[in-house]
Amino acid sequence: EAWIWKLDRLYQVFRRRFFSLRNHQLIFYTEPGGRMLGMVSLPCIFHLQMSKVWTRSKEEADFYQLEVSFAVPTAAEENSRTDQIGDFYAFLLAFDTEEQLLEWAHAIFDCCTNSMSLKGKSTLPPLSDIQVLPKELLKTSTFDHSDDHLFNTAGLPIGPAVLTKSLTTDSGFSVTSATSEFSSSGWLYYRTSKEERIRLRYFMQWGYELSIYKHEVLADEAAAIRYGVIDCRALVDVRFAYINSPENAVELILGSDTSVIIIPRTDEEAVMWRNSLLDVKRAYGQLESGKNKEDTFGTGVFISRGSTFSTHKDNEELLRLQIESAVIYSSNLQDWDGRKWIPKYFVLTSSRVLVMSLALHLYDEEPDVLGSFATKDIVEVRACNEKEEAEVGNCKSACVITLRPAAGSTGDAIYAVPDRMIVKCDSIDHCLEWMRLLCSSNGKLELKKNAATGYWGSVNRIASLSRHQSFLATAPLSAAIAAANSGATASTQGGERTRRMTRQDAARKYVLVPCLPLWLERTSELIMNRKSMMNVS
């Protein structure tokens, strides 16, 4: 038994796991006596490969790793080897020193050969030499050092890079720190059967419904397109899956033949999701089916748009109506990638823009979206100027969309879009229609034509209104300055510290309070002054 680094192939993160080699099994836990994460029967192991990862600029190896490959026990599971992760059939262990690698490799080999001899199976091939793998050619992986304070040594990797619980993977997927407050919403990998690929979707728990989205759902998004819903009232059990499953996999049992597996990122999130779903199950109780109480799944327990031509016509029609009601406008546009135009399908909802490959993907749960951004993050929408028109090939029906930089955001990073997009429409009228709808959906922008340049562009009417109000707020400055001077004189006589009243303080004190006579008096003074100036001229 020992603490060993194990690679989570789904998130490409090495984490410390407590391994135990006993009773012809290799079992690993979150901690000694903790929750079991996986178990491998030693007779199923068919290959052990030792290697050391080496950076060319260093004289010593970064770390040593042992790859344990094992076969799936049953023939049915053997035929369903369609998953692209590979964590079901092999796992990777990392060690600090070569002595630790050899110790565990020989221990596993000896136990495997002993187990195979007892059951009369073929022997395991002997251990080969340690291979040298250049780190630059391997898939980038990180080490989770959030629990270094529990160990004497800092552990792998050897170098200055130290990561925390809040880290970003190579794919751009950002994870919230486990110490933050957990809510029943977040990005999760999931699948509904072993024949399906594991997909990354945004899950949101609301009441007894667990909804599935392709993008992050913000707090102010009233209508979002959902591609699946799980009725938690029909949950039979929520348990951890550790046999031939990824780490921290949580299985939602909906019936005898129906289950959904969700895969949170960290140990804490897995426990929290399971507890949250169990609380919902206890609160709402068992779902009472309608006419046929034995047909639990047929009552719409799990509704998903797995395909446009699905056999569940009622569920398909329900989700299709929900999608159509959430969409405000959609059309085929072209996105400029810096060298050429890329055809894409843009979908506008009340608070978000989704970018897809094809229009058919709007009604299909399987494909991922190419990008997504909230319309409130739009800073500017305008037509292309002369320089930009020359850059994109003298296109007159293109517009520029500028977004607020998502600095430090942990939301939709995996489906993020550039801060500046150039989109080409079919015609100039089509482009003006998209610009007007984007400004309207933003809530603060208004599309106007610049009289000087002749280009269409957005104007922040909220900012313009605030500037107008700040100009009007400086109206009774004479009274404010006089009051400030008198107050300063009185405080000086009393030995107190003096402070000159600013324009904002004066406006806040004398204008923002209800003072209608002051406004009327000031307005009449302006009118009289203008009339007198006209008479003099």
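How far is the sulfur of Cys399 from the closest cysteine sulfur, and in which residue does that closest sulfur lie? The sulfur of Cys399 is 4.0 Å from that of Cys431, which is too far for a bond, since a disulfide is taken as a pair of cysteine sulfur atoms within 2.5 Å. By this rule the count comes to 0 disulfides. Cys399 has a relative accessibility of 2% and counts as buried, the term standing for under 20% relative accessible area, with exposed meaning over 50% and partly exposed in between (1.4 Å probe, protein chains only). Cys232 is likewise buried, at a relative accessible area of 0%.

The model is predicted, so that local features need pLDDT of at least 70 and side-chain atom pairs count only at pLDDT 80 or more, whereas totals for chains, interfaces and linings use all residues. Residues are numbered from 1 along each chain as its sequence is written, and side-chain values use heavy atoms, with hydrogens and water left out.

A nonpolar core is here a set of buried Ala, Val, Leu, Ile, Met, Phe, Trp, Tyr and Cys residues joined through side-chain atoms within 4.5 Å. The largest one has 26 residues, of which Phe19, Ile45, Leu48, Leu66, Phe91, Phe95 and Ile108 touch the most other members. Among the elements that give two or more residues to this core are β5 (45-54), β6 (63-70), β7 (90-95) and α2 (98-119), and α2 gives the most, with 6 residues. These elements are DSSP runs numbered from the N terminus, helices being H or I of at least four residues and strands E of at least two. Apart from this core lies another, of 23 residues, among them Phe346, Val381, Cys425 and Cys431.

Strand β6 is mostly covered, with 7 of its 8 residues buried. Two strands pair if DSSP finds at least two bridges between them; β5 and β6 run antiparallel and are joined by 8 bridges, with Ile45 standing opposite Phe70 in β6. The pairing of β6 with β7 is also antiparallel, over 6 bridges, and here Val68 stands opposite Phe91 in β7.

**Aromatic contacts**

Rings of Phe, Tyr and Trp (its six-membered ring) pair if their centres lie within 6.5 Å, and planes under 30 degrees apart count as stacked, over 60 as edge-to-face and the rest as tilted. A search of the whole structure finds 15 aromatic pairs. In one of these, the ring centres of Tyr190 and Phe203 are 5.3 Å apart and the planes stand at 80 degrees, so the pair is edge-to-face. Because Tyr190 lies in strand β10 (residues 185-191) and Phe203 in strand β11 (residues 199-206), the pair ties together parts that are 13 residues apart in sequence. Both Tyr190 and Phe203 are buried. Trp5, Phe14, Phe63 and Phe143 form one aromatic cluster.

A charge sits over a ring if NZ of Lys or CZ of Arg is within 6 Å of the ring centre and within 35 degrees of the ring normal.

| Charged residue | Ring | Distance to ring centre |
|---|---|---|
| Lys214 | Tyr227 | 4.4 Å |
| Arg233 | Tyr208 | 3.9 Å |

**Positive phi angles**

Most residues other than glycine have a negative phi, and most peptide bonds are trans. His24, although not a glycine, has a positive phi of about 60 degrees; His24 is placed in the loop between β2 (13-22) and β3 and, at 36% relative accessibility, counts as partly exposed. Asn394 also has a positive phi, near 55 degrees. Asn394 lies in the loop between α5 (386-391) and β23 (398-403) and counts as exposed, at 59% relative accessibility.
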